[in-house]
Amino acid sequence: METNQNTEVLCLEGLKKSFGDLLVLDNIDLRVTKGETIVILGASGSGKSTMLRCVNFMEVPSGGRIILHGEQVGKENQNGSRTYDEKSLSDLRSRVGMVFQHFNLFPHMTVKQNVMEGPRTVLKCDQAECERRAKLYLDKVGLGWKADAWPSELSGGQQQRVAIARALAMEPDIMLFDEATSALDPELVGEVLETMKQLAEEGMTMLIVTHELGFAYTVADRVLFLSKGKILEQGAPEAVLINPKEEATKNFLRGHGSFRLPEPNLD
């Protein structure tokens, strides 16, 4: 993916998150440029999901700063802490899309109604605009033909693709994926990964937590490896996944077995 190095979408500076005495994120620094796809790897408990949840303020950071398009989120107090008003957080969440492990579609709404709900209630779009977005993004994930279906009539992979369309309908600046395929049966994983790959190719800025190493190798611009709440190693996919420097990264990769490398180009 070709990125515009002059356009910084997201910046994390000294991001910390504690739950009581447990420090989960420890001084995370990260800069994300427009169109960049970053895959975040790490063992269970390393802080991957917490990092994403802090970016969209499902978890309030314990310290540090989050900057979206050059604007700091929240106000700094005299003692160095930060406060966040609900209006600014609501604005941020409308600009940061998130797709979870579980789809959480509204069962009493059709597929189209699920996708229209965010633009209607959060962005206050009119009916015509809501319908335009629903058609556009359901077509993008290959499910325009299921617009009038109920979630219960869809496979898990289809439900997750609707969840992606729902997030895209807000037309966010950045998309966060938290183990988006881990709840799916193995035969359904590919269709969701293919949708995510398409978004990367189209230039969507994305942070992706996943254990799908083959996907990370072929789609990511950069791979981060988290360990004990810190970014232990980062770099191009080949550097981190094929030639890791840190012992913890090597151990993690050994535990996940081999993955399929792309076929060589013989043209």
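The crossing of helix H3 with helix H4 is right-handed, a crossing being called right-handed if the near helix is turned clockwise from the far one by less than a right angle, and left-handed if anticlockwise. What we are looking at is a predicted model, in which local features need pLDDT of at least 70 and side-chain atom pairs count only at pLDDT 80 or more, while totals for chains, interfaces and linings use all residues. Residues are numbered from 1 along each chain as its sequence is written, and side-chain values use heavy atoms, with hydrogens and water left out.

Helices (H or I, at least four residues) and strands (E, at least two) are DSSP runs numbered from the N terminus. Staying with this pair, H3 covers residues 111-121 and H4 covers residues 127-140, and their axes come within 9 Å and cross at roughly 125 degrees; axes here are lines fitted to C-alpha atoms, for helices over the stretch in contact, and angles run from 0 to 180 degrees between N-to-C directions. H3 and H4 are therefore oblique to each other, given that angles under 35 degrees count as roughly parallel, over 145 as roughly antiparallel, 65 to 115 as roughly perpendicular and the rest as oblique. On the H3 side the contact (heavy atoms within 4.5 Å) is made by Val111, Lys112, Val115, Met116, Pro119 and Arg120, and on the H4 side by Gln127, Cys130, Glu131, Arg133, Ala134 and Leu138. Sorted by class, that contact has 7 nonpolar, 1 polar and 4 charged residues, where Ala, Val, Leu, Ile, Met, Phe, Trp, Tyr, Cys and Pro count as nonpolar, Asp, Glu, Lys and Arg as charged, and the others, Gly among them, as polar.

H3 also packs against helix H5, at an angle of about 30 degrees and with the axes 7 Å apart, and H3 and H5 are therefore roughly parallel to each other. Their crossing is right-handed, and in it Val111, Asn114 and Val115 of H3 meet Val162, Ala165 and Arg166 of H5. By class, this contact has 4 nonpolar, 1 polar and 1 charged residues.

H5, residues 156-168, in turn meets helix H6, the two axes coming within 8 Å and crossing at roughly 20 degrees, so H5 and H6 are roughly parallel to each other. H5 passes H6 in a right-handed crossing. The residues in contact include Gly156, Gly157 and Ile164 of H5, and Leu188, Val192 and Leu199 of H6. The class count for H5 with H6 is 6 nonpolar, 5 polar and 2 charged residues.

Ile164, which is found in H5, counts as buried because its relative accessibility is 0%; buried means under 20% relative accessible area, exposed over 50%, and partly exposed in between, with a 1.4 Å probe and protein chains only. Not counting residues up to four places away in sequence, Ile164 touches Val99, Val141, Met175, Phe177, Val192, Thr195, Met196 and Leu199.

Let me turn to the sheet. It is an open sheet of 6 strands in the order E8-E9-E10-E3-E11-E12, with mixed pairing, two strands being paired if DSSP finds at least two bridges between them. Strands E8 (96-99) and E12 (230-235) stand at the edges, each with a single partner strand, so one side of each is left without a neighbour in the sheet. From one strand to the next the twist averages 20 degrees.

Within the sheet, strand E10 (residues 206-209) runs parallel to strand E3 (residues 37-42), joined by 4 bridges, and Val39 stands opposite Ile208 in E10. H6 (residues 186-201) packs on the sheet, touching E3, E9 (174-178) and E10, and its direction makes about 150 degrees with that of E10. E9 and E10 likewise pair in the parallel sense over 4 bridges, with Leu176 opposite Leu207 in E10.

Helix H9 (residues 247-255) lies across E3, E11 (222-227) and E12, running at about 100 degrees to E11. Beyond its neighbours within four places in sequence, Glu233 is in contact with residues including Val223, Leu224, Phe225, Lys245 and Thr249. Its C-alpha atom is separated by 9.4 Å from that of Ala248, 15 residues apart along the chain.
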